[in-house]
Amino acid sequence: MVVSKLFFVVVVFATAATTGGAVWLLTQSNDTSQSAAGISASGSPPNDEARKRVEKFFGGQKKYDLTGGQEMKPRW
């Protein structure tokens, strides 16, 4: 039984890619679980001042005046 060189190269490349992908997925899942555990362990509940600062930063203006600007016209 004669196997062509191209078929052999394709099989070796596919095996290497699959193995490399599996190793990469395993190392990534271990890194994220450790970093998430480190964040949750070191995170302390925010105090009142920090909570107010966050609300002030992300709060913003809830109602915007959209009637005074230039209106978009359809392109047809």
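Partly exposed means a relative accessible area between the buried limit, under 20%, and the exposed limit, over 50%. Keep that in mind for this tour of a predicted model.

**Stop 1: Arg51.** Select Arg51, in helix 2 (residues 48-59). Is Arg51 buried, partly exposed or exposed? Its relative accessibility is 40%, so Arg51 counts as partly exposed.

**Stop 2: Asp48.** Side chains of opposite charge can pair when their charged atoms come close. Look between the two residues: Asp48 forms a salt bridge with Arg51, and the closest N and O atoms are 2.5 Å apart. Both residues lie in helix 2, three residues apart, about one turn of the helix.

**Stop 3: Lys52.** Keep Asp48 on screen and select Lys52. Their side chains meet in a salt bridge, 3.5 Å from N to O. Lys52 and Asp48 are four residues apart in helix 2, again about one turn. Next, show Glu55 as well. Asp48, Arg51, Lys52 and Glu55 are linked in a network of salt bridges.

**Stop 4: Arg53 and Glu49.** Stay in helix 2, where this pair sits four residues apart. Arg53 forms a salt bridge with Glu49, with 3.6 Å between the closest N and O atoms. Arg53 is exposed, at 52% relative accessible area, and Glu49 is exposed at 56%. How many salt bridges does the whole structure hold? A search finds four.

Stop 5: Move to Val11, in helix 1 (residues 5-42). Val11 is partly exposed, with a relative accessible area of 37%.

Conventions
Residues numbered from 1 in each chain as written. Predicted model: local features only at pLDDT ≥ 70, side-chain atom pairs only at ≥ 80, totals over all residues. Heavy atoms only, no water. Helix = DSSP H or I, 4+ residues; strand = E, 2+ residues; numbered from the N terminus. Buried < 20%, exposed > 50% of the residue type's maximum accessible area, 1.4 Å probe, protein only.
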